[in-house]
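Subject: Structure handover

Hello,

Here is the structure for you to open alongside this email. My notes on it follow below.

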Amino acid sequence: MKKELNFFRDNGYFVVPEALSSLEVATLNQAIDEDRERYDSLWLRRGEGGRRQSVSVLLSSAAFDGIIRHPVILERVEALMGEGLCFEELSVMIREPLTGEPPAASWHRDQRHWQEHPLVLKNLSVVYYLTDVDETTHAFAIVPEAVETKRADPRDVDPDRGIELYGRAGTAILFNAASVHAGVVKQTLEQRRTIHIYYGHRSLPPLSNHTIVPRRLLEAGDEASRRFYGRPNLLTELMDRNF
């Protein structure tokens with residue numbers, strides 16, 4: 001893990017191959033299939049050559065609960081973020097095969113850098129590949145950026161420095177949400193599936209109102225689990241209070 005943390009300091013991300021077992025990947029893909037069949041209207045069409053995304057899978061299925069605090073990844077998240085870790089949001093994204101002209105990649109930062117953190121890390125994002133990703137498929141891409149560069153709080157976007165990250169199904173990518181990144185869409189016969197999770201600090205305001213956390217996660221488990229889910233966003237707070 002020390003090598004991973006040093007790589008993160010120098011680049012703003014690192015990759016964990018085989019973070020999920022083949023059984024875990026198969027179980028999650030089955031849960032996605034069932035969710036799409038039963039709750040298709042919750043899968044929003046985002047464009048970009050056939051991207052669909054749901055931020056509501058925690059409401060419809062408990063199959064995704066374990067991925068949030070997955071032991072292989074959680075220890076790395078805690079090492080990067082430090083004390084006061086909390087859950088922010090979870091979504092599932094599907095990029096369909098594309099035979100036409102691919103849209104240009106939308107390079108962006110999710111937020112500004114947080115200078116008070118040793119790694120200027122306000123929110124950490126984890127992307128799980130649930131399908132194999134290589135040079136022939138849609139791929140996640142990122143612009144490497146060292147902590148020293150981030151401390152200068154750069155706002156420019158330099159896609160020419162972006163690199164695509166490949167891996168088999170079960171691969172996890174951890175990256176600073178303030179790093180420049182994009183989904184690179186290609187002409188391909190393969191569907192790409194990913195799970196996207198964001199983590200934050202309990203001392204800071206919520207990142208978004210995208211994900212409503214169900215009561216089974218807010219109230220269940222040990223004290224550490226309740227602290228982890230204990231800084232809900234506004235939608236979760238209202239749902240918990242009124243329903």
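A definition to start: a charge sits over a ring if NZ of Lys or CZ of Arg is within 6 Å of the ring centre and within 35 degrees of the ring normal. By that rule, the charged end of Arg 69 sits over the ring of Phe 228, 5.2 Å from its centre. Arg 36 lies over the face of Trp 43, at 5.8 Å from the ring centre.

Two ground rules. This is a predicted model, in which local features need pLDDT of at least 70, side-chain atom pairs count only at pLDDT 80 or more, and totals for chains, interfaces and linings use all residues. Residues are numbered from 1 along each chain as its sequence is written, and side-chain values use heavy atoms, with hydrogens and water left out.

Helices (H or I, at least four residues) and strands (E, at least two) are DSSP runs, numbered from the N terminus. Two strands pair if DSSP finds at least two bridges between them.

An open sheet of seven strands runs in the order β1-β8-β5-β10-β4-β3-β2, with antiparallel pairing. Its edge strands are β1 (13-16) and β2 (44-47), and each pairs on one side only. Neighbouring strands are turned by 25 degrees against each other on average, direction ignored. Axes here are lines fitted to C-alpha atoms, for helices over the stretch in contact, and angles run from 0 to 180 degrees between N-to-C directions.

Strand β5 has β8 (residues 172-176) as an antiparallel partner, joined by five bridges. It also pairs with β10 (residues 192-201), antiparallel, over six bridges. Val 127 shows both links: its bridge partner in β8 is Ile 173, and His 196 stands opposite it in β10. Further along, 10 bridges join β4 (residues 85-95) to β10 in the antiparallel sense. There Leu 90 stands opposite Ile 197.

Helix α1 lies across β1, β5 and β8, at about 140 degrees to β1. Helix α2 (residues 22-38) packs on the sheet and touches β3 (51-54), β4 and β10; its direction makes about 100 degrees with that of β10.

**What is buried**

Buried means under 20% relative accessible area, exposed over 50%, and partly exposed in between (1.4 Å probe, protein chains only). Strand β5 is mostly covered: six of its six residues are buried. Leu 124, Val 126 and Tyr 128 point one way from β5, and Ser 125, Val 127 and Tyr 129 the other way.

Ser 125 has a relative accessible area of 1%. Contact means heavy atoms within 4.5 Å. Beyond residues up to four places away in sequence, Ser 125 touches Ile 173, Leu 174, Phe 175, Ile 197 and Tyr 198.

Phe 8, in helix α1 (residues 2-11), is buried at 2%. Leaving aside neighbours within four places in sequence, its contacts include Tyr 13, Leu 80, Leu 124 and Leu 174. Phe 8 and Leu 174 are 166 residues apart along the chain, yet their C-alpha atoms are separated by 8.6 Å.

**The cores**

A nonpolar core is a set of buried Ala, Val, Leu, Ile, Met, Phe, Trp, Tyr and Cys residues joined through side-chain atoms within 4.5 Å. The largest one has 42 residues; Phe 64, Ile 68, Leu 90 and Leu 174 have the most contacts inside it. A second, separate core of 10 residues includes Tyr 129, Ala 139, Leu 165 and Phe 175.

**The three-stranded sheet**

Ala 139 also has a place in strand pairing: its bridge partner in β9 is Val 184. Strands β6 (residues 139-142) and β9 pair antiparallel over four bridges. They belong to an open sheet of three strands, in the order β7-β6-β9. The edge strands are β7 (163-165) and β9 (181-184).

**Aromatic pairs**

Rings of Phe, Tyr and Trp (its six-membered ring) pair if their centres lie within 6.5 Å; planes under 30 degrees apart count as stacked, over 60 as edge-to-face and the rest as tilted. The count comes to seven aromatic pairs. Phe 7 and Tyr 13 form an edge-to-face pair, 5.3 Å centre to centre with 90 degrees between the planes. Phe 7 is partly exposed at 36%, whereas Tyr 13 is buried at 6%. Phe 228 and Tyr 229 have ring centres 4.9 Å apart and planes at 85 degrees, so this pair is edge-to-face too. Phe 87, Tyr 199, Phe 228 and Tyr 229 form one aromatic cluster.

Best wishes
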